Amino acid sequence: MAFAKSFTLQKTAVICQILQSKVTNHSGLQICRLARTSSLEAPRSVFRRCSTSCLNNLFAQNALQKKREDLLCVKNRVLRHSQENSYASERKWCDLSYEDLVALLESGNIQLFDVREKKEVNETGMIPASTNMPLAEVKKALEMAPDKFKELYGVKQPSENDDNIVFSCLGGIRSNRAREEAVRLGFEKARHYTGGWEEWAERNQPKNHQKGQKH
């Protein structure tokens, strides 16, 4: 009894700190064992008060950590939703459907480049008003001098601010790669026809096909 009274608040705080440091590396069920094996021979009542305090602190820390994690989770969901909406909006604008392409062709306001290989184009033909520019040539073509471009492809070289640049291919894969390459080069309004030659050929009669041009 006298020993218990001799424990000062300072010593109690020290014991709490010891237990606190051990609690962070042990489960709450081990506190009593830690108390029994502690080098400080404090009364059980002191350890009981210290362990209870440590547990309360631990629970409070866990609750705060969970709240932070919940807030971070909500923030990530909001950010992901915003990015998905932005991506969907971008894809909706740059991905042209068959109807979109037809409308541009009818308006005459389009710069259409077929990025398939010349052999493919010669075998199947191209969409009307198309110019063959194989995918491997896109970067070099858009970076070359305008007069050189005109000489090689027979049409005016697109400008970075043009909003009527459209790429096409067989089924929309290579045309999207060409669009991405053009965007990296500064042609941020470039688009592509997702259906490609396959869709165009299916929805049009052979008499409307335009044979490939050799450049």
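Let's start with two helices, α5 (residues 98–107) and α10 (residues 196–203), whose axes come within 11 Å and cross at roughly 80°. The axes are lines fitted to C-alpha atoms, for helices over the stretch in contact, with angles running from 0 to 180 degrees between N-to-C directions. That makes α5 roughly perpendicular to α10 (65 to 115 degrees counts as roughly perpendicular). Helices here are DSSP runs of H or I with at least four residues, strands are runs of E with at least two, and both are numbered from the N terminus.

A word on the source: this is a predicted model, where local features need pLDDT of at least 70 and side-chain atom pairs count only at pLDDT 80 or more, while totals for chains, interfaces and linings use all residues. Residues are numbered from 1 along each chain as its sequence is written, and side-chain values use heavy atoms, with hydrogens and water left out.

Back at the crossing, α5 brings Y98, E99, L101, V102 and L105, and α10 brings E199, W200 and R203; contact means heavy atoms within 4.5 Å.

The largest nonpolar core has 17 residues, and M133, F149 and F167 have the most contacts inside it. Such a core is a set of buried Ala, Val, Leu, Ile, Met, Phe, Trp, Tyr and Cys residues joined through side-chain atoms within 4.5 Å, and buried means under 20% relative accessible area, exposed over 50%, partly exposed in between (1.4 Å probe, protein chains only). Two or more residues each come from α7 (138–143), α8, β4 and α9 (173–184), with α7 giving the most, three. A second, separate core of eleven residues includes L101 and W200, both of which we met at the α5–α10 contact. As for F167, its contacts beyond four places in sequence include F113, A178 and Y193.

F113 takes us to strand β2 (residues 111–114). In a regular strand the side chains alternate between the two faces of the sheet. Here Q111 and F113 point one way, L112 and D114 the other, and all are buried. D114 stands opposite S168 in β4, and its bridge partner in β3 is N132.

Finally, look at E160, in the loop between α8 (146–153) and β4 (165–168). At 45% relative accessibility, E160 counts as partly exposed. Leaving aside neighbours within four places in sequence, E160 touches L185, G186, F187 and E188.

Notes
Parallel < 35°, antiparallel > 145°, perpendicular 65-115°, else oblique. Pairing = 2+ DSSP bridges.
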